[in-house]
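I opened this model to go through the metal site, the core and the ring contacts. My notes follow in the order I looked things up.

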Amino acid sequence: MKKYERIRRKLLNRRDEIEGRLNKVDQDILHTNGAPNPDSGEQAIERENDDVLEALGGIARSELEQINIALERMERNEYGICTLCKKAISAERLKAIPYAERCIKCADKDVEDTF
Ligand SMILES: [Zn+2]
């Protein structure tokens with residue numbers, strides 16, 4: 001059994017979940033766009049709903065991307081290694097953020113740099 005098999009399964013489950021949710025969001029957008037409401041007030045509300053749905057879709061899509069990157073990193077046996085200092089990322093950190101690419105020290109450093 002691979003070292004990160006359990007996390008890999010977790011990521012795959014999460015990916016399925018997000019993909020399912022994204023499909024639903026897309027259907028909701030299609031549904032509201034496909035049936036224009038003649039009442040302009042209602043239309044504004046529908047547009048607002050679409051914005052919310054699209055924002056949610058954006059968050060889900062970026063998480064999906066991170067999951068895919070983590071899975072690719074597993075394939076290349078790079079998973080769990082900090083992309084900056086090349087040291088191992090702690091198991092606790094990976095448990096909390098399975099798609100973390102940096103160790104806690106480098107992640108902290110990055111936050112400091114942005115300030
Ligand atoms: Zn690091």
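**Metal site**

I started at the zinc ion and found it coordinated by Cys-82 (SG), Cys-85 (SG), Cys-103 (SG) and Cys-106 (SG), at 2.2 to 2.3 Å. Donors here are N, O and S atoms within 2.8 Å of the metal (3.2 Å for Na, K and Ca), and water is not among the atoms, so sites may look incomplete. This is a predicted model, where local features need pLDDT of at least 70 and side-chain atom pairs pLDDT 80 or more, while totals for chains, interfaces and linings use all residues. Residues are numbered from 1 along each chain as its sequence is written, and side-chain values use heavy atoms, with hydrogens and water left out.

I then checked the geometry: the four donor atoms subtend angles of 104 to 116° around the zinc ion, so the arrangement is tetrahedral (four donors with all angles between 85 and 135 degrees). For reference, I noted that the ideal angle for four tetrahedral donors is 109.5 degrees.

The donor spacing in sequence reads C-x2-C-x17-C-x2-C. Cys-82 sits in the loop between α2 and α3 (91-96), and Cys-106 in helix α4 (residues 104-114), 24 residues apart. Cys-82 and Cys-106 are both buried (under 20% relative accessible area, 1.4 Å probe, protein chains only).

**Overall layout**

I counted four helices and zero strands in the protein chain, taken as DSSP runs (H or I, at least four residues, for helices; E, at least two, for strands). Buried residues make up 27% of the 115 residues.

**Core**

**Rings**

Which rings form an aromatic pair that is edge-to-face? Tyr-4 and Tyr-79 do, at 4.7 Å centre to centre and 80° between the planes. The rule pairs Phe, Tyr and Trp rings (the six-membered one for Trp) with centres within 6.5 Å; planes under 30 degrees apart are stacked, over 60 edge-to-face, the rest tilted. Tyr-4 lies in the segment before α1 and Tyr-79 in the loop between α2 and α3, 75 residues apart. Tyr-79 is buried, with a relative accessible area of 4%.

Terms used. Four donors count as tetrahedral if all angles lie between 85 and 135 degrees; four count as square planar and six as octahedral if opposite donors are over 155 degrees apart and all others between 65 and 115; anything else is irregular. Buried means under 20% relative accessible area, exposed over 50%, partly exposed in between (1.4 Å probe, protein chains only).
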